[in-house]
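Please look over the sequence and the model shown here.

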Amino acid sequence: MTHETNLILPSLLASDWSKVAAEVKRAEDAGAQWLHLDVMDGTFVDNISFGPQMVQTVRKCTGMYLDVHLMIHRADHYLERFIKAGANNITIHVEANYDSSVAETLKRIRAAGLHAGIALHPSTPFEAALPFVNDIDLLLVMTVVPGFGGQPFMEKETMPKLAAARDYRDQHGLKFHLEVDGGIYTNTAPIAKQHGANLFVCGTSSFGPPDMGQSMRELAAAVA
Ligand code: DX5
Ligand code: ZN
């Protein structure tokens, strides 16, 4: 799949965790090809979600591509566990602390045969990603402050950065995906698309409505 393919990624964070297996199946039946999993450590972000064991549980339920978003410090310390759990892509934050470094962690993700991404907090400029642009499959431009679902899309703070990333990528013949995450609905997804996004993480807007097939179709139509 190239960076010219638009995809809606349901975020498990917004699903009903009392029946995770059924929710994963609901996403799959609704047409999702990639599923987004938000790992939070209570330190890098002000919330705690789940860890490798949940990734492994989801892996048992589905063949979907698992896009794991690590909002944690020391991702390098925990890396093997997420790889073993069955992640397909692992995205790490440039702002987090590492025992080694962002570059070393990206290298290890790819050496394990996975795709690698880096994520930028809304207040982090695109320039912070520049040292890594040749070593990533995906750049995640956070469109809310990471930590919680259901927050409003930060258009002014993040869209110029997304466009700058798109322009830089295209001018340099690079191929990484541009992903947006947070506050993505049928009204905000087209704005993100205009600024370069092709992967749209949707929590509340995908899992929220009772008919997920319909919400996924509407979101896909909004970025078609
Ligand atoms: C926020 C997470 C998001 C979250 C998005 O820190 O990274 O993936 O699930 O949720 P919505 O789509 O509800 O804003
Ligand atoms: Zn996320």
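A crossing of two helices is called right-handed if the near helix is turned clockwise from the far one by less than a right angle, and left-handed if anticlockwise. In this predicted model, the crossing of α2 and α3 is right-handed. The axes of α2 and helix α3 (residues 75-85) come within 8 Å and cross at roughly 10°. Angles under 35 degrees count as roughly parallel, and α2 and α3 are therefore roughly parallel to each other. On the side of α2, the contact involves Pro52, Val55, Gln56 and Arg59, while α3 contributes Arg81, Phe82 and Ala85. By class, the residues of this contact between α2 and α3 comprise four nonpolar, one polar and two charged.

Helix α2 (residues 52-61) also packs against helix α1 (residues 20-29), at an angle of about 55° and with the axes 9 Å apart. The crossing of α1 and α2 is right-handed. Val20, Ala21 and Val24 of α1 meet Met54, Val58 and Cys61 of α2 in this contact. The residues that form the contact of α1 with α2 are six nonpolar, with no polar and no charged ones.

Helix α3 has a further partner in helix α4 (residues 102-111): the axes of the two come within 10 Å and cross at roughly 10°. That angle makes α3 roughly parallel to α4. Here Asp76, Leu79 and Glu80 of α3 are in contact with Thr105, Arg108 and Ile109 of α4. Sorted by class, the contact of α3 with α4 holds two nonpolar, one polar and three charged residues.

Distant parts of the chain are linked by one pair, His69 in strand β3 (residues 65-71) and Asp181 in strand β7 (residues 177-181), which lie 112 residues apart. For comparison, the ideal angles for six octahedral donors at a metal are 90 or 180 degrees.

Conventions
Residues are numbered from 1 along each chain as its sequence is written. Chains are lettered from A and ligands numbered from 1 in the order in which they are written. This is a predicted model: local features need pLDDT of at least 70, side-chain atom pairs count only at pLDDT 80 or more; totals for chains, interfaces and linings use all residues. Side-chain values use heavy atoms; hydrogens and water are left out. Axes are lines fitted to C-alpha atoms, for helices over the stretch in contact, and angles run from 0 to 180 degrees between N-to-C directions. Helices (H or I, at least four residues) and strands (E, at least two) are DSSP runs, numbered from the N terminus. Contact means heavy atoms within 4.5 Å. Ala, Val, Leu, Ile, Met, Phe, Trp, Tyr, Cys and Pro count as nonpolar, Asp, Glu, Lys and Arg as charged, and the others, Gly among them, as polar. Angles under 35 degrees count as roughly parallel, over 145 as roughly antiparallel, 65 to 115 as roughly perpendicular and the rest as oblique.
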